[in-house]
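Please open the structure in your viewer and keep the selection panel at hand.

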Amino acid sequence: MAVIGSDIRVFQDPEALSQAAAAIFAETANQAIAERGEFRVALSGGKTPERMYALLAQSPHRELIDWHRLHAFWGDERCVPPEDLHSNYRQIRDILLSHVPVPLENIHRVRTELDPGPAAEDYARVLRRNADPPLEWPRFDLVLLGLGEDGHTASLFPGSPMQTTRATLAVALQGEGRQSWRVTMTPAVFNSGRRVVFLVLGAGKSRIVASVLHGETKPDKLPAQRIQPEAGELIWMLDAGAAANS
Ligand code: 6PG
(Lines give C-alpha, C1' and ligand atoms only; values in the text may rest on other atoms or scores of the structure.)
Protein backbone atom coordinates (compact mmCIF):
# COMPACT_ATOMS: atom_id res chain seq x y z
CA MET A 1 0.00 0.00 0.00
CA ALA A 2 1.21 3.51 -0.69
CA VAL A 3 2.60 5.12 2.41
CA ILE A 4 3.01 8.48 0.73
CA GLY A 5 1.48 11.11 2.92
CA SER A 6 1.55 9.02 6.07
CA ASP A 7 3.73 10.04 8.89
CA ILE A 8 5.41 7.02 10.52
CA ARG A 9 7.10 7.67 13.85
CA VAL A 10 9.22 5.02 15.56
CA PHE A 11 9.98 5.08 19.31
CA GLN A 12 12.63 3.12 21.14
CA ASP A 13 10.25 1.49 23.59
CA PRO A 14 6.59 1.38 24.68
CA GLU A 15 7.11 4.04 27.34
CA ALA A 16 8.55 6.55 24.84
CA LEU A 17 5.63 5.86 22.50
CA SER A 18 3.07 6.32 25.29
CA GLN A 19 4.66 9.59 26.41
CA ALA A 20 4.65 10.90 22.84
CA ALA A 21 1.05 9.76 22.31
CA ALA A 22 -0.06 11.57 25.49
CA ALA A 23 1.71 14.69 24.24
CA ILE A 24 -0.07 14.49 20.85
CA PHE A 25 -3.40 13.98 22.62
CA ALA A 26 -2.84 17.10 24.75
CA GLU A 27 -1.58 19.19 21.83
CA THR A 28 -4.53 18.16 19.63
CA ALA A 29 -6.97 18.91 22.45
CA ASN A 30 -5.55 22.36 23.06
CA GLN A 31 -5.51 23.22 19.38
CA ALA A 32 -9.11 22.04 18.87
CA ILE A 33 -10.33 23.96 21.93
CA ALA A 34 -8.52 27.12 20.80
CA GLU A 35 -9.96 26.86 17.28
CA ARG A 36 -13.44 25.41 17.83
CA GLY A 37 -14.14 25.56 21.57
CA GLU A 38 -14.25 21.82 22.12
CA PHE A 39 -12.24 18.65 21.60
CA ARG A 40 -13.98 15.60 20.19
CA VAL A 41 -12.09 12.34 20.31
CA ALA A 42 -12.85 8.79 19.16
CA LEU A 43 -11.11 6.55 21.69
CA SER A 44 -9.65 3.12 21.13
CA GLY A 45 -9.80 0.05 23.36
CA GLY A 46 -7.16 -2.67 23.58
CA LYS A 47 -4.07 -2.83 25.77
CA THR A 48 -1.82 -0.57 23.70
CA PRO A 49 -3.27 2.83 24.69
CA GLU A 50 -3.65 2.02 28.40
CA ARG A 51 -0.36 3.63 29.44
CA MET A 52 -1.15 6.75 27.39
CA TYR A 53 -4.56 7.05 29.13
CA ALA A 54 -2.86 6.61 32.52
CA LEU A 55 -0.32 9.32 31.69
CA LEU A 56 -3.12 11.70 30.67
CA ALA A 57 -4.72 11.22 34.08
CA GLN A 58 -1.52 12.38 35.81
CA SER A 59 0.58 15.54 35.98
CA PRO A 60 1.64 17.27 33.81
CA HIS A 61 -0.99 16.29 31.18
CA ARG A 62 -3.88 16.37 33.63
CA GLU A 63 -3.35 20.10 34.18
CA LEU A 64 -2.59 20.85 30.52
CA ILE A 65 -6.02 19.98 29.15
CA ASP A 66 -9.34 21.77 29.69
CA TRP A 67 -11.25 18.54 30.34
CA HIS A 68 -14.61 20.33 30.57
CA ARG A 69 -14.42 20.79 26.81
CA LEU A 70 -13.63 17.19 25.89
CA HIS A 71 -16.26 15.00 24.27
CA ALA A 72 -15.39 11.31 24.45
CA PHE A 73 -16.72 8.80 21.92
CA TRP A 74 -15.69 5.18 21.35
CA GLY A 75 -14.42 4.08 17.94
CA ASP A 76 -15.60 0.61 18.85
CA GLU A 77 -17.10 -1.25 21.76
CA ARG A 78 -17.54 -4.85 22.83
CA CYS A 79 -21.19 -5.82 23.38
CA VAL A 80 -20.87 -6.53 27.09
CA PRO A 81 -22.41 -4.68 30.05
CA PRO A 82 -20.74 -1.35 30.83
CA GLU A 83 -19.23 -2.73 34.05
CA ASP A 84 -17.76 -5.81 32.34
CA LEU A 85 -13.97 -6.18 32.41
CA HIS A 86 -13.95 -6.32 28.59
CA SER A 87 -15.88 -3.08 28.13
CA ASN A 88 -13.85 -0.37 26.37
CA TYR A 89 -16.03 2.22 28.13
CA ARG A 90 -15.22 0.79 31.56
CA GLN A 91 -11.53 0.48 30.72
CA ILE A 92 -11.11 4.13 29.71
CA ARG A 93 -13.42 5.39 32.44
CA ASP A 94 -11.39 3.60 35.09
CA ILE A 95 -7.97 4.58 33.75
CA LEU A 96 -8.69 8.13 32.61
CA LEU A 97 -12.17 9.62 32.64
CA SER A 98 -12.93 9.08 36.32
CA HIS A 99 -9.71 10.96 37.22
CA VAL A 100 -10.33 14.13 35.20
CA PRO A 101 -13.22 16.64 35.24
CA VAL A 102 -15.01 15.61 32.01
CA PRO A 103 -18.73 16.42 32.38
CA LEU A 104 -20.82 13.24 32.40
CA GLU A 105 -22.93 14.52 29.51
CA ASN A 106 -19.76 14.68 27.38
CA ILE A 107 -19.13 10.95 27.75
CA HIS A 108 -20.85 9.31 24.80
CA ARG A 109 -20.64 5.58 25.38
CA VAL A 110 -22.22 2.84 23.25
CA ARG A 111 -25.39 1.62 25.00
CA THR A 112 -24.48 -2.04 25.12
CA GLU A 113 -27.49 -2.80 27.28
CA LEU A 114 -29.34 -2.85 23.90
CA ASP A 115 -28.94 -5.73 21.43
CA PRO A 116 -26.02 -5.22 18.98
CA GLY A 117 -28.09 -4.01 15.98
CA PRO A 118 -30.14 -1.49 18.02
CA ALA A 119 -26.98 -0.44 19.93
CA ALA A 120 -25.26 0.38 16.61
CA GLU A 121 -28.35 2.33 15.43
CA ASP A 122 -28.56 4.14 18.74
CA TYR A 123 -24.87 5.12 18.49
CA ALA A 124 -25.42 6.36 14.92
CA ARG A 125 -28.14 8.66 16.37
CA VAL A 126 -25.70 9.87 19.03
CA LEU A 127 -23.20 10.67 16.28
CA ARG A 128 -25.93 12.43 14.26
CA ARG A 129 -26.85 14.64 17.22
CA ASN A 130 -23.20 15.73 17.34
CA ALA A 131 -22.76 15.93 13.57
CA ASP A 132 -20.88 18.45 11.47
CA PRO A 133 -23.18 18.76 8.43
CA PRO A 134 -23.08 17.69 5.67
CA LEU A 135 -21.55 14.77 7.56
CA GLU A 136 -23.97 12.72 9.64
CA TRP A 137 -21.36 12.38 12.37
CA PRO A 138 -18.77 14.59 14.06
CA ARG A 139 -15.59 15.44 12.25
CA PHE A 140 -13.35 14.13 15.05
CA ASP A 141 -10.40 16.23 16.11
CA LEU A 142 -8.60 13.02 17.02
CA VAL A 143 -9.25 9.39 16.14
CA LEU A 144 -7.17 6.86 18.10
CA LEU A 145 -6.81 3.40 16.60
CA GLY A 146 -4.98 0.16 17.32
CA LEU A 147 -3.98 -2.69 15.02
CA GLY A 148 -4.73 -6.38 15.52
CA GLU A 149 -2.35 -9.12 14.35
CA ASP A 150 -4.92 -10.05 11.67
CA GLY A 151 -5.03 -6.50 10.27
CA HIS A 152 -8.19 -5.37 12.04
CA THR A 153 -8.62 -1.92 13.44
CA ALA A 154 -11.38 -0.74 15.76
CA SER A 155 -13.86 -3.61 15.15
CA LEU A 156 -13.38 -3.67 11.40
CA PHE A 157 -12.26 -7.28 10.94
CA PRO A 158 -11.09 -9.15 7.83
CA GLY A 159 -14.22 -10.19 5.96
CA SER A 160 -16.58 -7.96 7.99
CA PRO A 161 -19.28 -6.24 5.92
CA MET A 162 -18.29 -2.63 5.23
CA GLN A 163 -21.32 -0.50 4.45
CA THR A 164 -19.30 2.61 4.12
CA THR A 165 -22.21 5.03 3.91
CA ARG A 166 -23.34 4.16 7.43
CA ALA A 167 -21.72 5.62 10.53
CA THR A 168 -21.79 2.48 12.68
CA LEU A 169 -22.03 -1.28 12.28
CA ALA A 170 -22.80 -4.23 14.53
CA VAL A 171 -20.18 -6.92 13.82
CA ALA A 172 -20.40 -10.60 14.82
CA LEU A 173 -17.17 -12.38 15.81
CA GLN A 174 -16.49 -16.10 16.14
CA GLY A 175 -13.92 -17.05 18.73
CA GLU A 176 -13.32 -19.75 21.33
CA GLY A 177 -16.29 -21.65 19.95
CA ARG A 178 -18.82 -18.89 20.54
CA GLN A 179 -20.14 -15.79 18.91
CA SER A 180 -19.61 -12.33 20.34
CA TRP A 181 -20.58 -8.92 19.03
CA ARG A 182 -19.00 -5.52 18.65
CA VAL A 183 -20.27 -2.10 17.61
CA THR A 184 -17.86 -0.08 15.51
CA MET A 185 -17.65 3.21 13.69
CA THR A 186 -17.01 2.77 9.97
CA PRO A 187 -14.08 3.91 7.78
CA ALA A 188 -16.21 6.83 6.53
CA VAL A 189 -16.32 8.23 10.06
CA PHE A 190 -12.65 7.60 10.82
CA ASN A 191 -11.55 9.00 7.46
CA SER A 192 -13.32 12.31 8.05
CA GLY A 193 -11.18 12.89 11.17
CA ARG A 194 -8.83 15.83 11.37
CA ARG A 195 -6.04 13.72 12.87
CA VAL A 196 -5.97 9.91 12.93
CA VAL A 197 -3.33 8.19 15.06
CA PHE A 198 -2.51 4.48 15.10
CA LEU A 199 -0.64 3.23 18.18
CA VAL A 200 1.12 -0.10 17.70
CA LEU A 201 3.45 -1.90 20.10
CA GLY A 202 5.51 -5.06 20.06
CA ALA A 203 7.41 -7.40 17.76
CA GLY A 204 4.30 -9.57 17.48
CA LYS A 205 2.76 -6.83 15.33
CA SER A 206 5.81 -6.22 13.10
CA ARG A 207 4.67 -8.47 10.23
CA ILE A 208 1.18 -7.04 10.08
CA VAL A 209 2.50 -3.47 10.31
CA ALA A 210 4.74 -4.18 7.30
CA SER A 211 1.84 -5.75 5.34
CA VAL A 212 -0.55 -2.90 6.08
CA LEU A 213 1.93 -0.14 5.33
CA HIS A 214 4.15 -1.60 2.65
CA GLY A 215 2.36 -4.68 1.29
CA GLU A 216 -0.20 -5.15 -1.43
CA THR A 217 -3.44 -3.17 -1.11
CA LYS A 218 -6.10 -5.69 -0.04
CA PRO A 219 -8.47 -3.89 2.32
CA ASP A 220 -10.91 -6.83 2.60
CA LYS A 221 -8.13 -8.82 4.25
CA LEU A 222 -6.42 -5.87 5.92
CA PRO A 223 -9.17 -3.50 7.12
CA ALA A 224 -6.59 -1.12 8.61
CA GLN A 225 -5.73 -0.19 5.00
CA ARG A 226 -9.19 1.38 4.73
CA ILE A 227 -8.01 4.14 7.05
CA GLN A 228 -6.91 6.95 4.76
CA PRO A 229 -8.17 10.33 6.04
CA GLU A 230 -9.65 12.43 3.22
CA ALA A 231 -8.48 15.80 4.42
CA GLY A 232 -6.87 14.94 7.73
CA GLU A 233 -3.52 13.83 8.98
CA LEU A 234 -2.57 10.16 9.42
CA ILE A 235 0.13 9.32 11.96
CA TRP A 236 1.45 5.82 12.70
CA MET A 237 3.26 5.57 16.04
CA LEU A 238 5.28 2.36 16.40
CA ASP A 239 7.76 1.10 18.93
CA ALA A 240 11.01 -0.47 17.68
CA GLY A 241 9.48 -3.97 17.96
CA ALA A 242 6.46 -3.13 15.83
CA ALA A 243 8.68 -1.36 13.28
CA ALA A 244 11.15 -4.26 13.01
CA ASN A 245 9.94 -5.46 9.59
CA SER A 246 9.33 -2.04 8.06
C1 6PG B 1 -10.56 -3.25 20.85
C2 6PG B 1 -9.92 -2.37 19.83
C3 6PG B 1 -9.10 -3.14 18.83
C4 6PG B 1 -7.66 -3.01 19.32
C5 6PG B 1 -6.74 -3.97 18.61
C6 6PG B 1 -5.34 -3.94 19.22
O7 6PG B 1 -11.62 -2.92 21.31
O8 6PG B 1 -9.94 -4.26 21.21
O9 6PG B 1 -10.48 -1.25 19.50
O10 6PG B 1 -9.21 -2.76 17.52
O11 6PG B 1 -7.21 -1.70 19.15
O12 6PG B 1 -7.26 -5.27 18.73
O13 6PG B 1 -5.45 -4.38 20.54
P14 6PG B 1 -4.23 -4.36 21.55
O15 6PG B 1 -3.88 -2.93 21.78
O16 6PG B 1 -4.75 -5.02 22.80
O17 6PG B 1 -3.13 -5.12 20.89
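Select the ligand together with K205: an oxygen atom of the ligand is 2.7 Å from an N or O atom in the side chain of K205. This is a polar contact, a pair of N or O atoms within 3.5 Å; within protein, one atom must be able to donate a hydrogen and the other to accept it, and residues adjacent in sequence count only if both atoms are side-chain atoms. Of the 410 Å² of accessible area that the ligand has on its own, the protein covers 87% (Shrake-Rupley method, 1.4 Å probe). The model is predicted: local features need pLDDT of at least 70 and side-chain atom pairs pLDDT 80 or more, while totals for chains, interfaces and linings use all residues. Residues are numbered from 1 along each chain as its sequence is written, and side-chain values use heavy atoms, with hydrogens and water left out.

An N or O atom in the side chain of T48 is 2.5 Å from an oxygen atom of the ligand, and a polar backbone atom of A154 is 2.6 Å from a ligand oxygen.

Six of its eight residues are buried, so α4 is largely enclosed by the rest of the structure (buried: under 20% relative accessible area, 1.4 Å probe, protein chains only). The buried residues are N88, Y89, R90, Q91, I92 and R93. Their cover includes strands β2 (39–43) and β3 (70–74) and helix α2 (50–56). At the N-terminal end, S87 caps α4, with a side-chain oxygen 3.2 Å from the backbone nitrogen of Y89.

Move to S44, in the loop between β2 and α2. S44 is buried, with a relative accessible area of 8%. Beyond four places in sequence, its contacts (heavy atoms within 4.5 Å) are P49, Y53, I92, L144, L145 and G146.

Finally, select F25. F25 and M237 touch the most other members of the largest nonpolar core, which has 75 residues (buried Ala, Val, Leu, Ile, Met, Phe, Trp, Tyr and Cys joined through side-chain atoms within 4.5 Å). Helix α1 (residues 14–36) gives the most to this core, ten residues. Beyond four places in sequence, F25 touches residues including F39, W67 and L142.

How values were computed: Buried means under 20% relative accessible area, exposed over 50%, partly exposed in between (1.4 Å probe, protein chains only). Helices (H or I, at least four residues) and strands (E, at least two) are DSSP runs, numbered from the N terminus.
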